[in-house]
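Please read them beside the coordinates.

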Amino acid sequence: MTWDIKDIQKWSPEEHELGAVIPEAGNATLYKTGGWRSERPVRDEEKCTQCLFCYFYCPDTAVLVEDGKVVAFDYDHCKGCGVCATECPVDAITMHPETEFEGGC
Ligand code: SF4
Ligand code: SF4
């Protein structure tokens, strides 16, 4: 289907195909954005001070916290942006190519 901006005034949902469907709210967890990742974050337990900066800065809620402490990354949803590694004040997080890990991503 082609779209001409001159038709904007007569636009209606019935005339145009839907671009996407959100069948229910809160379904973002179903989209495993980890498939985009070329590098993964790895946390050094010894260096980590449990400040939780990585948890607050992660745009994908992919830093997993239990009892107020970082315990792991959710690699199903971590897309490897590296924000956590950039923001960690003690450089406890480093980014590594997926090819370093068995099975990759
Ligand atoms: S690399 Fe990006 S998406 Fe993955 S845990 Fe760090 S901040 Fe979150
Ligand atoms: S930002 Fe760094 S020091 Fe703070 S909790 Fe995360 S890994 Fe640990």
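1. Asp67 is exposed, with a relative accessible area of 81%; exposed means over 50% relative accessible area, buried under 20% and partly exposed in between, with a 1.4 Å probe and protein chains only. Asp67 sits in the loop between β2 (63-66) and β3 (69-73). The phi of Asp67 is positive, near 50°, in a residue other than glycine.

2. On conventions: this is a predicted model, in which local features need pLDDT of at least 70 and side-chain atom pairs count only at pLDDT 80 or more, while totals for chains, interfaces and linings use all residues. Residues are numbered from 1 along each chain as its sequence is written, chains are lettered from A and ligands numbered from 1 in the order in which they are written, and side-chain values use heavy atoms, with hydrogens and water left out.

3. The chain has 2 helices and 4 strands, where helices (H or I, at least four residues) and strands (E, at least two) are DSSP runs numbered from the N terminus. Their order from the N terminus is β-α-β-β-α-β. Of the 105 residues, 27% count as buried.

4. Gln50 also has a positive phi, of about 60°, although it is not a glycine. Gln50 belongs to the loop between β1 (39-43) and α1 (53-57). With 22% relative accessibility, Gln50 counts as partly exposed.

5. Which residues come nearest to ligand 2? They are Cys48, Cys51, Leu52, Cys54 and Cys88, out of 14 residues around the ligand; a residue is near a molecule if one of its heavy atoms lies within 4 Å of it. By class, this shell has 11 nonpolar, 2 polar and 1 charged residues. Here Ala, Val, Leu, Ile, Met, Phe, Trp, Tyr, Cys and Pro count as nonpolar, Asp, Glu, Lys and Arg as charged, and the others, Gly among them, as polar.

6. Phe53 is in helix α1 and, at 38% relative accessibility, counts as partly exposed.

7. Ligand 1 is surrounded by 13 residues, of which Cys58, Cys78, Cys81, Gly82 and Cys84 are the closest. The shell divides into 9 nonpolar, 2 polar and 2 charged residues.

8. The structure holds 3 aromatic pairs. In one of them, Phe73 and Tyr75 have ring centres 6.0 Å apart and planes at 40°, so the pair is tilted. The criterion is that rings of Phe, Tyr and Trp (its six-membered ring) pair if their centres lie within 6.5 Å, with planes under 30 degrees apart counted as stacked, over 60 as edge-to-face and the rest as tilted. Phe73 is buried at 10% relative accessibility, whereas Tyr75 is partly exposed at 27%.

9. Arg40 lies over the face of Tyr75, at 4.5 Å from the ring centre, and over the face of Phe101, at 4.1 Å from the ring centre. A charge sits over a ring if NZ of Lys or CZ of Arg is within 6 Å of the ring centre and within 35 degrees of the ring normal.
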